[in-house]
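The following paragraphs walk through the interface of a two-chain model. Please keep the sequence and the structure in view while reading.

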Number of protein chains: 4
Amino acid sequence: MARLMKEWTIDALGAENLKITERRVPEPGPGEVLVRTTAVSLNFRDKLVLENGMGMPLSFPFVPGSDMAGVVEAVGRGVTRFQPGDRVISVFDPTWIDGQKPGTARHPTSFALGGLNPGVASQYVAFPEDWFVAAPESLDDGEASTLPCAGVTAWFALVEKGHPKAGDRVVVQGTGGVSLFGLQIAKAHGAEVIVTSASQEKLERALALGADHGINRVREDWAERVLEITGDHGADHILEMAGGANLGKSLQAVAVQGRISVIGVFEGAEISAPVTPVLLKSPVIQGIGVAHRRALQDFVVAIDRTAIKPVIDARYSFEQFREALAHLDRGPFGKVVVEF
Amino acid sequence: MARLMKEWTIDALGAENLKITERRVPEPGPGEVLVRTTAVSLNFRDKLVLENGMGMPLSFPFVPGSDMAGVVEAVGRGVTRFQPGDRVISVFDPTWIDGQKPGTARHPTSFALGGLNPGVASQYVAFPEDWFVAAPESLDDGEASTLPCAGVTAWFALVEKGHPKAGDRVVVQGTGGVSLFGLQIAKAHGAEVIVTSASQEKLERALALGADHGINRVREDWAERVLEITGDHGADHILEMAGGANLGKSLQAVAVQGRISVIGVFEGAEISAPVTPVLLKSPVIQGIGVAHRRALQDFVVAIDRTAIKPVIDARYSFEQFREALAHLDRGPFGKVVVEF
Amino acid sequence: MARLMKEWTIDALGAENLKITERRVPEPGPGEVLVRTTAVSLNFRDKLVLENGMGMPLSFPFVPGSDMAGVVEAVGRGVTRFQPGDRVISVFDPTWIDGQKPGTARHPTSFALGGLNPGVASQYVAFPEDWFVAAPESLDDGEASTLPCAGVTAWFALVEKGHPKAGDRVVVQGTGGVSLFGLQIAKAHGAEVIVTSASQEKLERALALGADHGINRVREDWAERVLEITGDHGADHILEMAGGANLGKSLQAVAVQGRISVIGVFEGAEISAPVTPVLLKSPVIQGIGVAHRRALQDFVVAIDRTAIKPVIDARYSFEQFREALAHLDRGPFGKVVVEF
Amino acid sequence: MARLMKEWTIDALGAENLKITERRVPEPGPGEVLVRTTAVSLNFRDKLVLENGMGMPLSFPFVPGSDMAGVVEAVGRGVTRFQPGDRVISVFDPTWIDGQKPGTARHPTSFALGGLNPGVASQYVAFPEDWFVAAPESLDDGEASTLPCAGVTAWFALVEKGHPKAGDRVVVQGTGGVSLFGLQIAKAHGAEVIVTSASQEKLERALALGADHGINRVREDWAERVLEITGDHGADHILEMAGGANLGKSLQAVAVQGRISVIGVFEGAEISAPVTPVLLKSPVIQGIGVAHRRALQDFVVAIDRTAIKPVIDARYSFEQFREALAHLDRGPFGKVVVEF
């Protein structure tokens with residue numbers, strides 16, 4: 001007799017349409033693994049996809065969520081990378097294995113889970129084995145579920161692209177999931193980390209996490225303050241989380257030949273900046289769109305060899321999926337996780 | 001008896017103040033070389049410096065010009081790199097030898113000749129030997145004088161930063177000095193080159209120089225046309241010469257993980273663009289501020305080993321320095337040179 | 001009624017066991033494509049595998065050969081990258097997609113075709129679609145079949161790892177398949193190419209192909225001659241095809257901070273060299289083991305955009321497979337190809 | 001009245017000729033700084049230079065020593081980088097500023113202090129300002145004097161060339177000065193560090209310094225042990241300090257596409273290795289010849305921002321210079337320093 005499982009779905013766009021539905025636990029086909037989901041980590045992107053599909057043609061019923069941890073329950077024919085009992089985490093965009101990102105200039109769309117590919121807010125998923133990597137041994141399931149998007153985005157920007165060195169000055173804007181991973185990853189490489197925030201209380205928590213400096217960006221000109229802190233050297237690497245005109249401030253704060261990773265867009269869908277520092281300082285402005293699978297594997301290794309523990313602001317139960325999503329609007333300090 | 005020489009100077013800001021003055025031929029001090037100038041190449045920057053100093057505190061009488069070719073006439077004590085008779089060209093910013101560019105985030109100013117350092121529109125200059133490199137053997141003096149700024153800027157963007165490979169699609173915006181060098185350098189590395197211009201006649205000349213495709217940016221949406229030409233792949237590297245909102249078009253045309261070198265600012269002092277392609281395509285947007293001395297030396301070697309001949313739109317005499325400057329306003333096809 | 005096809009097989013180690021056998025044309029399974037082979041290019045490795053398996057546990061009957069061109073005849077369920085009629089070439093090691101090479105320090109074995117994976121000396125092969133890339137349009141089938149191993153090895157060393165720039169001095173040792181591709185690829189990027197050979201006649205042919213200099217390594221000390229040709233600068237990149245003590249000569253000839261790609265082992269299974277130039281010149285000595293699939297795709301693009309035509313010393317028919325193999329012992333100038 | 005100072009000199013090759021001599025304190029010429037030496041750090045190279053000149057034509061009386069810390073006492077005309085009272089350290093080869101190393105393939109000689117340039121075992125030195133960088137604030141003079149050669153060599157190999165990332169497995173051979181810096185620098189970047197030594201007691205001290213694993217290379221096959229410790233992954237980076245046939249062991253231990261930095265030559269003037277792992281693993285074998293000035297500046301910044309304290313095995317007085325040199329023969333754990 002077939003087992004049933006629960007999952008969160010929508011039948012039409014709109015987070016208000018989220019409901020728990022039941023269907024049979026899927027069978028893993030050739031090359032697939034059946035994974036029992038133990039935790040799902042939420043990203044702001046999940047909200048946008050539920051609201052408007054982010055321009056993607058969703059298939060209904062649509063299951064949201066891209067980031068999960070779980071345990072392999074069964075493997076299909078031809079599977080070689082996993083066996084039952086293995087703890088795994090999902091890969092954000094499983095079409096991007098390493099190196100060159102798939103897609104064309106005209107259609108650069110990401111084939112992420114919970115988007116053009118199915119989502120993970122199910123008690124069980126049956127996906128190709130290539131869609132998973134081994135979970136880190138040093139993290140619990142909730143923590144492990146935060147790596148596939150937020151964690152590896154910070155890693156990809158800072159490590160894969162940025163080649164950090166001890167003594168680098170790194171600016172992390174805000175205290176969301178990517179930013180706090182950025183803080184921890186930069187510290188693990190010997191960098192001096194400066195965190196900006198609109199909240200004094202969050203700055204205190206960031207300092208407790210290991211940040212060297214906190215800048216209240218409401219009370220101070222954060223770029224000017226970065227110049228002061230660094231003795232005019234500027235920031236070797238800035239995780240630009242706001243976009244909009246904030247890029248201009250990042251260009252003010254960045255070191256000569258420094259690096260700005262454009263990751264977030266909280267201040268609008270346009271970026272703008274004066275061009276003079278672009279020419280005089282010759283920085284790299286690098287767009288970041290999550291990461292490939294190999295970087296996620298590298299990051300898992302790094303997690304297990306360093307003291308990095310993902311910062312989880314709140315853990316919710318499977319039934320509280322909607323409450324967890326709502327938490328994202330309140331600007332969590334780190335990640336929001338749903339445990340199954 | 002001391003020899004006299006002529007030079008172009010201003011006593012106050014404003015190109016209208018340009019006049020020929022006379023002074024003694026300088027003596028080369030310790031570590032300096034005396035060079036008889038044979039050609040000076042003009043850049044739009046020279047006009048801006050004469051007009052407003054570009055924010056720099058000029059010393060009057062001020063001699064304009066950063067790019068020259070000449071012959072070493074005498075060497076001061078301790079000079080090891082040159083001897084009388086050597087043909088040389090100047091280095092744009094002699095404080096930048098290789099690798100890390102000098103300066104701080106707060107004061108990234110370039111120590112270019114014809115700016116914070118003295119200019120070259122003199123019949124003789126006595127500068128430190130480090131301010132020169134050997135001229136290419138395969139170019140005449142007028143041609144050689146075009147390398148220190150325009151030539152090496154294109155080289156630095158395309159080669160030193162861009163690591164071109166045969167088959168790359170490179171977009172060169174416009175047909176000014178940097179752009180035509182970009183066209184020739186990209187072709188020398190096996191790239192497919194697309195040139196954009198507002199002038200059909202200039203496009204024809206660019207095609208004759210070796211460009212594979214010309215796009216009339218007035219008649220067509222150039223970014224869309226790049227996608228068509230490249231079968232949706234997009235451009236692996238774009239020399240962005242306009243700035244302003246044109247950066248958004250470059251982001252539309254750039255390949256996934258491609259590269260945009262921001263060099264020119266003809267459309268304004270701000271750059272702006274939608275952020276979505278920055279995230280989805282993850283391109284590198286690289287500011288370019290000329291180049292270091294070692295890149296200029298590499299470029300000289302390349303010039304002598306390839307068929308690259310700088311494109312000179314017009315050659316003027318020393319007395320026609322003002323006419324040569326005025327030519328810049330008419331959008332030259334390549335470079336404008338003053339021969340002594 | 002099932003179609004029959006012919007293929008070359010051995011039932012036991014030893015090239016003398018090669019014979020033509022018949023079996024049914026395979027059916028493409030899920031994710032597989034059926035390809036009608038039109039040409040196979042031979043490598044010295046094919047001889048070694050037939051003789052001793054190169055330490056690999058071969059499955060008998062064993063089909064040799066790793067490099068092929070062909071036409072897709074049918075596609076299995078789920079195939080997305082190809083359709084019937086597409087011209088394709090094989091990927092040497094289909095487990096290496098991009099970036100990080102699979103395998104461990106203890107077991108770095110390559111999963112190449114005609115080795116741990118099946119070979120291609122069959123009239124038809126049914127392989128996963130990931131084992132192929134599109135063939136270049138500008139080459140005939142025999143030419144196209146030379147890219148998967150020899151061609152892309154030279155490309156990977158010179159372009160993917162070496163980042164060539166116009167004016168670089170590149171030394172190519174010998175005139176075998178990899179070396180002549182190296183000559184052509186280096187020239188396509190504006191390099192000055194020096195070829196060494198024991199045969200004056202082959203040097204003449206290499207010069208006719210575009211080499212700038214030929215050195216008869218029997219009559220001259222080739223490393224000393226490279227120093228003379230380059231005005232003591234040395235070679236920026238050397239394709240080291242001999243191994244053994246020849247590495248010491250390469251270290252003598254290499255430029256300061258130059259690059260030596262170790263590719264071939266014609267002079268023995270050991271490399272040895274004095275350590276002083278390793279320290280004083282700080283070169284990179286880079287082992288090359290063919291390339292990943294993405295580099296092959298880049299190379300196909302480059303082939304179609306440049307004038308590079310693979311050099312084929314001789315073309316044999318399917319029935320002449322053994323004669324083609326025997327040709328390898330005579331030191332071909334370029335590649336030996338079997339056309340079906 | 002001119003001040004006198006003491007310095008260690010030889011009038012002919014041979015450490016037995018070392019004696020203290022007196023001469024006037026030099027005057028700083030144009031562009032020079034007069035520095036009062038406070039500490040000199042010894043390298044094995046100093047012994048070799050005293051014994052045989054290492055092939056260099058020394059000028060007698062010859063002052064040995066390349067690495068010093070000191071205080072600027074006076075500055076000559078035109079000096080801009082320092083003022084009296086500044087604490088400085090010397091640059092090993094002051095002709096190498098950044099990027100490309102000077103020299104040719106035929107004459108790659110290093111212009112190091114205590115070799116082709118004068119040495120530092122003097123109470124005062126008057127050198128060009130470019131021969132110094134600011135000393136780290138967090139180190140005493142003896143510690144600071146260890147950076148110019150041993151410290152920055154490890155930094156250059158691991159950081160400038162190796163781009164370390166958290167989780168990397170790094171093997172450090174031995175417990176000399178470069179090796180212990182390597183251990184500390186790798187740990188500062190989140191790596192897992194494995195130290196090899198012939199001495200159990202030194203391994204214990206290395207573990208106390210932060211090494212994750214120690215391998216007694218006399219009792220165990222160190223390469224095999226590295227494979228075991230890393231779960232067959234192998235070492236991402238190996239500091240190869242022995243040379244000779246030990247390179248073969250390093251190739252056995254190195255990860256696929258890993259990196260071997262060839263630094264030391266304790267086991268002979270030749271390196272040799274089987275070529276198969278060079279091809280199958282495609283590692284980078286990178287010769288290291290100290291570093292450029294910019295890397296030393298980066299390293300000073302890193303020292304001040306991390307907890308790295310150079311390991312000094314013994315501190316001697318100026319008069320004990322010969323005893324300090326003799327200490328080098330006993331295989332110090334870290335550095336040997338002479339304090340003035």
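**The interface of chains A and B**

Between chain B and chain A, 33 residue pairs are in polar contact, both residues at pLDDT 80 or more; such a contact is a pair of N or O atoms within 3.5 Å, where within protein one must be able to donate a hydrogen and the other to accept it, and residues adjacent in sequence count only if both atoms are side-chain atoms. On the side of chain B that touches chain A, the elements giving two or more residues are α6 (222-229), α7 (246-253), β12 (254-262), β13 (270-274), α8 (276-281) and β14 (284-287) of chain B. Helices (H or I, at least four residues) and strands (E, at least two) are DSSP runs numbered from the N terminus.

This is a predicted model, in which local features need pLDDT of at least 70, side-chain atom pairs count only at pLDDT 80 or more, and totals for chains, interfaces and linings use all residues. Residues are numbered from 1 along each chain as its sequence is written, chains are lettered from A in the order in which they are written, and side-chain values use heavy atoms, with hydrogens and water left out.

The contact (heavy atoms within 4.5 Å) involves 48 residues of chain B and 48 residues of chain A. The buried area, meaning the accessible area (1.4 Å probe) that two parts lose on being put together, summed over both, is about 3700 Å², with carbon and sulfur atoms giving 55%. Ala105(B), Arg106(B) and Gln257(B) supply 17% of the area that chain B buries against chain A, more than any other three residues.

Strand β14 (residues 284-287) of chain A pairs with β14(B) in the antiparallel sense over three bridges, pairing requiring at least two DSSP bridges between the strands. Here Ile285(A) has Ile285(B) as its bridge partner.
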